Amino acid sequence: MSNALRLVEPRVPAPLDPGFRPAVLANRQFQKEIEDAGGGVPLVISLERAEGAISRFETRVFPDEHPRAEANLMYAERIFKFLLWQWGGWKAWIGGPRAIGEYIQKAYSPDGARAFDYHFMGEDVYDETFTVIPCDASEAPPAREQGQPLGRHLEGCRVGFDLGASDRKASAVVDGEAVYSEEVVWSPGANTDPDYHYKEILTGLKTAASKMPRLDAIGGSSAGVYVDNKVRIASLFRGIPKENFDRVRSLFPRIQKEMGVPLVMVNDGDVTALAGSMSLEDNGVLGVAMGSSEAAGYVNMEGNLTGWLSELAFAPVDYQPNAAEDEWSKDRGVGARYFSQQCVFRLAPAAGIEIPDDPVLAHKLKFAQGKLEEGHEGATKIWETMGVYLGYALAHYADFYAVKHMLILGRCTSGRGGPLILDGARHVLATEFPELAGRINIQLPDEKSRRVGQSIAAASLPALDGGK
């Protein structure tokens with residue numbers, strides 16, 4: 001018998017992906033083996049990110065001398081990969097059997113299998129050398145979380161804005177009510193001049209501000225990684241040459257200085273989760289947007305944004321060896337290929353659908369969605385498959401996030417697609433994870449909370465005592 005990590009066939013099969021092997025089932029099977037073998041030994045993973053914040057995860061593995069110790073390696077590396085993109089981080093302590101720490105250290109190195117993650121997290125996000133430290137479990141540092149009580153500030157005259165790939169939105173919000181909103185088409189990704197982005201964003205803010213008697217604060221969101229209002233990585237600025245990126249990094253601090261009021265800029269997934277939390281009047285909200293990729297955000301059980309990255313597009317959900325490869329990171333089985341239009345295009349051939357060659361990806365998705373609305377059997381199976389993926393992924397996410405509510409949104413959930421995904425996910429939970437089905441509510445936000453709610457949530461980010 002192989003000593004590798006044992007993959008488990010799901011009780012609810014994915015209609016167009018019979019090889020799908022959910023991460024959550026493999027992890028639970030591994031932990032059952034550990035328990036049956038006497039409980040194993042501790043494995044502690046601590047990750048440090050910006051400003052000394054540290055997150056910590058504890059699990060159990062086989063001791064080095066156990067015949068099944070080889071299974072530790074894939075189990076621990078996939079867990080580490082998930083945590084890295086859930087929390088973010090540039091320094092990691094792997095506390096436990098030495099072989100595990102050395103394996104992860106080698107993989108997450110300049111020449112390792114995870115060289116993408118090494119460079120992205122170290123150089124691009126945190127301006128540090130990515131470091132993995134194998135150590136004893138007792139030497140892994142304790143958690144030092146820095147949850148941010150951002151948002152829910154509705155008093156005064158505020159501007160909320162959201163920067164998308166094809167349009168920028170800005171709203172004037174007075175005492176929690178949107179009194180003016182606009183959407184303006186723009187082309188941020190194709191522009192190589194940082195002044196274009198600066199002027200466009202500033203124009204939107206000033207236009208919205210002009211609709212109110214005064215301006216007290218500004219809150220904004222966009223896809224990407226923002227640390228202390230500074231741009232670290234964002235697709236909006238992918239056209240900017242590297243030598244000019246410092247002008248992008250300081251973009252929002254410069255805008256704050258120009259506007260003269262508190263400004264807070266965060267990832268759009270976090271604002272989506274915050275909007276959901278404010279709409280539901282409850283906490284423990286995980287928001288997942290299925291668009292050109294997978295975007296996510298989280299409001300914890302205390303109602304705070306966590307400062308975590310929650311870039312679940314890079315987090316593994318499928319452990320089958322030949323799982324779909326992400327073209328950017330070159331890793332397999334990660335969320336971007338399962339909860340996005342990329343997933344629709346990937347499954348289309350198996351569904352008997354030939355998607356036209358079109359440089360505009362939104363047009364390709366619209367074609368597939370047209371088939372779905374017509375009742376095409378193959379198209380229906382695409383979205384049913386995504387629903388199965390989501391059910392198992394939600395059970396996986398619930399091992400890392402305290403979740404009471406999951407909101408799904410994005411272009412892939414419009415029309416018949418959203419209810420099909422919801423039905424599939426709920427069926428998986430009821431069949432395979434009844435303990436979760438009873439305590440996690442999965443839903444689509446209504447149109448109002450998706451649009452107006454997002455702008456109000458963004459506007460509510462800064463407090464009026466200096467923006468913290």
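Modeller: A charge sits over a ring if NZ of Lys or CZ of Arg is within 6 Å of the ring centre and within 35 degrees of the ring normal. Please note that this is a predicted model.

Biologist: At what distance from the ring centre of Tyr338 does Arg346 lie?

Modeller: Tyr338 belongs to an aromatic cluster that also holds Phe20, Tyr389, Tyr392 and Phe433. Arg346 lies over the face of Tyr338, and its distance from the ring centre is 4.6 Å.

Biologist: Over which ring does the charged end of Lys364 sit?

Modeller: The cut-off for such a contact is 6 Å from the ring centre. The charged end of Lys364 is 5.1 Å from the centre of the ring in question, that of Phe345.

Biologist: Where in the chain do Tyr118 and Phe130 lie, and how many residues apart are they?

Modeller: Tyr118 is in helix α4 (residues 115-125), whereas Phe130 is in the loop between α4 and β4 (131-135). Both Tyr118 and Phe130 are buried.

Biologist: Is Asp357 buried or exposed?

Modeller: Asp357 is located in the loop between α9 (341-347) and α10 (361-373). Its relative accessibility is 80%. The threshold is over 50%, therefore Asp357 counts as exposed.

Biologist: Which residue of β10 is the bridge partner of Val227?

Modeller: β9 and strand β10 (residues 230-233) pair in the antiparallel sense over 3 bridges. Their hairpin has 2 residues between the strands, and Asp228 takes a positive phi near 55° there. The bridge partner of Val227 in β10 is Lys230.

Biologist: Which element gives the largest share of the lining of the second largest pocket?

Modeller: The second largest pocket holds about 790 Å³ of space. Among its 33 lining residues, those closest to the centre are Gln148, Tyr226, Val227, Asp228 and Asn229. The elements that each give two or more residues to this lining are β9 (225-227), α7 (251-259) and β11 (263-267). The largest share, 5 residues, comes from β11.

Biologist: How many residues in that lining are nonpolar?

Modeller: The lining of the second largest pocket includes 10 polar and 7 charged residues. The number of nonpolar residues there is 16.

Key:
Residues numbered from 1 in each chain as written. Predicted model: local features only at pLDDT ≥ 70, side-chain atom pairs only at ≥ 80, totals over all residues. Heavy atoms only, no water. 1 Å grid on protein atoms, 1.4 Å probe; cavity = no way out; pocket = protein on both sides within 12 Å on 5 of 7 lines; lining within 4 Å. Points joined across faces, edges and corners; volume = space filled by probe spheres on them. Helix = DSSP H or I, 4+ residues; strand = E, 2+ residues; numbered from the N terminus. Nonpolar A, V, L, I, M, F, W, Y, C, P; charged D, E, K, R; others polar. Buried < 20%, exposed > 50% of the residue type's maximum accessible area, 1.4 Å probe, protein only. Phe/Tyr/Trp six-rings, centres within 6.5 Å; stacked < 30°, edge-to-face > 60°. Pairing = 2+ DSSP bridges.
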